[in-house]
Each structure stands twice: as C-alpha cells, then as structure tokens.
Amino acid sequence: MLDSTEWKQADLAKRAFVSTVSHELRTPLSSIQGSLGLVAGGAMGDLPDGARRLVDIANANCQRLTRLINDILDIERIEQNHIAFAVSRQALAPLLSHAIETNRGHGVARGITLALVEPPAALAVDVDPDRFMQVMTNLLSNAVKYSHDGGTIEIGATADERHVRIFVRDHGTGIPRAFRPYIFDRFTQADNSDRRARSGTGLGLNIAKAIVDRFGGKIGFDTEEGSGTTFLVDLPLSTEPAAPAPQHILHLGEGEDLSRVLSMLVGRRAEILPVRSMAEAWRLLEQQSFDLIILHLDLPSGAGRALLDRLGGR
C-alpha cells in the first residue's frame with residue numbers, strides 16, 4: 001500500500017509524463033495535420049479517388065488525436081489551476097444562442113436540429129464566456145453523438161431566486177444504467193467497444209464538470225434508456241450589480257475640443273451633450289433633466305454667467 005509521499009511522487013510523475021507526451025506530440029501532429037489539409041485541399045493538384053479517401057481518413061484521425069491531446073492538457077491545467085478564468089457578468093440568452101450557432105454544424109450531416117428554448121432575457125451568470133462555451137460545446141456534441149438521425153436537441157434555461165438551470169435535452173439512446181455512475185469519469189463513453197460508430201475522446205463531460213465546478217456550479221443529468229438524456233448545469237445567478245445607467249451632462253462652452261476631452265475622460269459612464277448658447281442650454285433644461293451642468297463663466301458671449309444667473313433664480 002502506498003503512503004502519502006509515494007502517492008504524491010506518483011502523481012507528480014504522472015503529470016510530468018502527460019505534459020511531456022502531450023507537448024511532444026502536439027508539434028509534429030500540427031505539422032502532419034497542416035500538410036494533410038493542404039493535400040486534401042488540392043495544393044498538390046487533383047488526387048485520384050482512392051488516394052483522396054486515404055488522405056481524408058488520415059486527416060480525420062489526425063484531427064481526432066489533436067483533440068485528444070488538447071483535452072488532456074485542458075484537464076491537467078484546470079485541475080492544477082493553471083488556467084486563468086476571466087469571470088464576468090454575462091447575459092445568458094446571447095451565450096446560449098452563440099453556442100447553438102457555433103455547434104449547429106455538428107448535426108447537419110445527420111439531419112439533427114438544435115433548438116433554443118429562449119430563457120428569460122434578464123438572466124445573467126458569472127462565467128468565463130470562453131470556458132462556458134467549451135462546456136456547451138461538449139454537452140451539445142455529446143447530445144448529437146447519441147441522438148437519432150433527424151432528431152431535435154433542445155437547449156434552454158430556467159431560474160429560481162438563487163440559481164439558473166441550463167438544460168441540453170436529446171431524445172436519443174439514453175445512458176445505460178450500469179454506466180451512469182461513471183458518466184463524468186475520464187476516458188469513458190457509453191459505448192466502449194473497439195468498433196463503436198461514434199468517435200470521441202471520452203474527456204468532454206469530465207472537462208465540462210471541471211469547468212462548472214470552477215464556476216461554483218453543479219452538473220448532472222436525467223436519463224431513460226431509449227428515450228434520451230437531459231444534462232443539467234446549475235449556476236448561481238449573477239451577484240454582480242448591474243452597470244449603472246450613464247449620467248447625463250450638459251456642457252455649455254465654445255468649440256468642440258473640450259467636449260471631446262471630457263467625453264474621453266468619462267468614457268461610457270456619462271453622456272455629454274455640448275451646447276453653444278444660453279438659449280439652447282435653457283431649451284434642453286426645460287425638456288429633460290441633467291445630472292451635472294458644466295459651464296464656463298468667462299465665455300466672451302457671457303452665456304455661461306447668464307445661464308448661472310438664470311439657474312440661481314429658478
């Protein structure tokens with residue numbers, strides 16, 4: 001039986017091995033994939049049908065190996081906190097729409113449709129949008145893989161006072177009962193035969209779980225064999241306050257240069273409305289309210305002091 005020191009040494013050796021192998025494989029694979037892509041694209045001229053089929057097979061398998069290496073590296077980096085997560089408040093509806101548009105092509109060849117069940121527009125979550133998209137891509141590609149040809153995959157969200165629940169629902173084969181405890185383990189797929197028709201790295205769901213954990217959420221599923229599976233991602237509703245509405249500033253001055261400088265200083269925090277005369281300024285003040293008025297008392301026209309006097313008697 002290994003003691004804690006031996007476990008630690010074994011774990012370090014495993015990580016070093018995975019990192020070395022992955023990096024050493026990635027560079028030559030990138031070169032091979034690039035070369036095969038050029039040949040398949042006709043850079044070396046037209047290929048005979050037999051040669052083209054062989055090149056396409058080699059290119060597809062090279063891409064599969066590249067995905068496997070990238071997935072292994074992602075798992076190691078996430079577990080060791082070597083990936084920086086740029087978490088920010090994100091509106092959920094655009095994220096889900098983007099995920100569908102990005103992954104729609106996965107099901108085209110088999111006639112599978114991705115359908116968005118529109119979430120309430122006000123829902124927002126605190127996530128890294130790129131990593132969130134990685135979660136959705138893994139869930140959607142998994143749903144496509146186990147859906148029947150011509151099927152529909154539904155994506156949407158519900159919410160309560162504290163959490164938002166995102167769902168990806170397919171109507172495919174479902175998850176076998178014996179496999180369910182291992183669904184988020186590494187290198188596992190429901191069909192583990194050497195001749196399985198549906199290829200994959202067996203790491204997608206494991207990566208999705210690792211990312212959701214980093215978001216402070218949970219991932220699970222409901223399934224029934226022969227009827228399909230619904231993957232569920234529960235995330236805390238965003239606690240970050242909504243950005244304050246921009247302030248409205250009235251600027252009475254001469255020339256546009258100073259107004260431009262003021263606009264650069266305040267950025268999106270305020271909207272500056274420049275005016276050139278006291279009459280124009282007063283007309284706007286009667287039509288709307290302003291959070292701040294900037295005026296110049298030494299204007300040659302005397303408009304600044306005239307406006308100040310009129311405001312004082314208001």
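**View 1. Salt bridges in the predicted model.** Five salt bridges are counted, a salt bridge being a side-chain nitrogen of Lys or Arg within 4 Å of a carboxyl oxygen of Asp or Glu. This is a predicted model, in which local features need pLDDT of at least 70, side-chain atom pairs count only at pLDDT 80 or more, and totals for chains, interfaces and linings use all residues. Residues are numbered from 1 along each chain as its sequence is written, and side-chain values use heavy atoms, with hydrogens and water left out. One of the salt bridges joins Arg 104 to Glu 101, with 2.4 Å between the closest N and O atoms. Arg 104 is partly exposed at 31% relative accessibility, and Glu 101 is exposed at 53%. Buried means under 20% relative accessible area, exposed over 50%, and partly exposed in between (1.4 Å probe, protein chains only).

**View 2. The salt bridge of Arg 110 and Asp 149.** The closest N and O atoms of Arg 110 and Asp 149 are 2.7 Å apart. This pair links distant parts of the chain, 39 residues apart: Arg 110 lies in the loop between α3 (92–103) and β2 (113–117), and Asp 149 in the loop between α4 (129–145) and β4 (152–159). Helices (H or I, at least four residues) and strands (E, at least two) are DSSP runs, numbered from the N terminus. Arg 110 is partly exposed, with a relative accessible area of 28%, whereas Asp 149 is exposed at 58%.

**View 3. The salt bridge of Arg 165 and Asp 234.** The N to O distance in this pair is 2.7 Å. Arg 165 belongs to strand β5 (residues 163–169) and Asp 234 to strand β7, 69 residues apart. Arg 165 is partly exposed at 36% relative accessibility.

**View 4. The hairpin of β6 and β7.** Strand β6 (residues 218–224) pairs with β7 in the antiparallel sense over seven bridges; two strands pair if DSSP finds at least two bridges between them. Ile 219 has Val 233 in β7 as its bridge partner. Three residues lie between the strands of the hairpin, where Gly 226 takes a positive phi near 85°. Thr 230 is in strand β7 (residues 228–236). Thr 230 counts as buried because its relative accessibility is 13%. Apart from neighbours within four places in sequence, Thr 230 contacts Phe 167, Val 168, Arg 169, Gly 220, Phe 221 and Asp 222. Contact means heavy atoms within 4.5 Å.

**View 5. An open sheet of three strands.** The strand order is β9-β8-β10, with parallel pairing. β9 (270–275) and β10 (292–295) stand at the edges with a single partner strand each, so one side of each has no neighbour in the sheet. Neighbouring strands are turned by 20° against each other on average, direction ignored. Strand β8 (residues 247–252) is joined to β10 by four bridges, and Leu 250 has Ile 293 in β10 as its bridge partner. Helix α8 packs on the sheet and touches β8 and β10, its direction making about 145° with that of β10. Axes are lines fitted to C-alpha atoms, for helices over the stretch in contact, and angles run from 0 to 180 degrees between N-to-C directions.

**View 6. The packing of α7 and α8.** Helix α7 (residues 278–287) and helix α8 (residues 303–312) pack at about 35°, with axes 9 Å apart. The contact involves Met 278, Ala 281, Trp 282 and Leu 285 of α7, and Ala 303, Ala 306, Leu 307, Arg 310 and Leu 311 of α8.
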